[in-house]
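Open the model in your viewer and follow the stops below. Keep a selection panel ready.

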Amino acid sequence: MTGRFMTVEGIEGVGKTTQVARLSQALSARGIAHVVTREPGGTPLAEKIRDLVLSPREEALPPMAELLLMFAARAVHLANHIEPNLRAGRWVLCDRFTDATYAYQGGGRGMSPEDIGRLETLVQGARRPDLTLLLDVPVAVGLERARLRDVGKTRDRFERERADFFERVRAGYLERARAEPERMAVIDAAQPADQVAAHITRILESKSWIS
Ligand code: TMP
């Protein structure tokens with residue numbers, strides 16, 4: 001049997017990294033073979049593309065180039081990491097995937113969802129996540145958490161964006177969740193991390209993926 005493909009999404013500061021780690025522990029405790037990965041990135045080559053797209057530099061990165069780089073990294077990640085692991089029966093737990101492209105490049109940068117959809121089909125064929133957990137918090141809460149977490153760190157190209165950009169990103173995510181409620185579960189991530197983790201466990205139990 002092929003593995004299950006799960007993705008975790010949300011704006012900056014929603015606690016994705018914590019919840020991905022908690023979920024990985026929960027799967028390990030049940031003996032479920034899985035890999036944890038992220039986008040953009042997830043393989044040495046795709047991580048180089050990540051550096052290119054996240055590093056602030058003087059020359060502008062046009063939104064179209066940003067969009068294509070996200071999908072270039074995804075094509076590498078799918079071929080070299082995601083698909084082989086799913087075929088081997090391992091679950092793939094991915095910190096961000098194509099919903100982030102619709103939310104950031106679509107909602108945030110204003111690229112057309114039709115163009116994103118065409119690239120999605122071109123790069124992924126029929127591959128879509130089996131389940132997406134959207135960790136949702138109001139933008140002010142997420143940005144404040146990210147600010148406290150990142151004190152003293154250099155902010156990447158996205159972290160330098162203003163609140164109105166993240167409002168559009170959040171709206172983009174919520175719109176996708178409304179359109180695909182079967183695949184995407186919206187989780188109130190303003191709650192303490194333990195409660196968020198418990199909610200995620202209940203979702204997997206309700207699908208009979210874990211017990
Ligand atoms: P991270 O910091 O959560 O690892 O994500 C890196 C940044 O990349 C984050 O600000 C969101 C952005 N991103 C996109 O803009 N489009 C995408 O398709 C993906 C996967 C990430």
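**Around the ligand**

Start with H4: four residues of the shell around the ligand come from this helix, the largest share. The model is predicted. Now select helix H2 (44–54), helix H3 (63–87) and H4 (98–108); each supplies at least two residues of that shell.

Show the whole shell next. It has 15 residues, and Lys16, Arg50, Arg96, Thr101 and Gln105 come nearest to the ligand. Colour the shell by class: seven residues are nonpolar, two polar and six charged.

Which side chains have an N or O atom close to a ligand oxygen? Pick Arg96, with a distance of 2.8 Å. Go on to Lys16, at 2.9 Å. Then take Arg74, at 3.1 Å. Overall, the protein covers 93% of the 480 Å² of accessible area that the ligand has on its own.

**The largest pocket**

Zoom out to the site that holds the ligand: the largest pocket. About 910 Å³ of space lies there. Select its lining of 33 residues; Glu12, Lys16, Arg50, Asp156 and Glu159 lie nearest the centre. Nine of the lining residues are nonpolar, eight polar and 16 charged. H4 gives the most, with four residues.

**The second largest pocket**

Move to the second largest pocket, with a volume of about 210 Å³. Select its lining, including Glu12, Leu143, Arg147, Glu159 and Phe166. H6 brings the largest share, three residues. By class, the lining has four nonpolar, one polar and seven charged residues.

Key
Residues numbered from 1 in each chain as written. Predicted model: local features only at pLDDT ≥ 70, side-chain atom pairs only at ≥ 80, totals over all residues. Heavy atoms only, no water. Near = heavy atom within 4 Å. Polar contact = N/O pair within 3.5 Å; in protein donor to acceptor, adjacent residues only side chain to side chain. Areas by Shrake-Rupley, 256 points an atom, 1.4 Å probe, with all protein chains shown as cover. 1 Å grid on protein atoms, 1.4 Å probe; cavity = no way out; pocket = protein on both sides within 12 Å on 5 of 7 lines; lining within 4 Å. Sits in = over half its atoms within 2 Å of the grid points. Nonpolar A, V, L, I, M, F, W, Y, C, P; charged D, E, K, R; others polar. Points joined across faces, edges and corners; volume = space filled by probe spheres on them.
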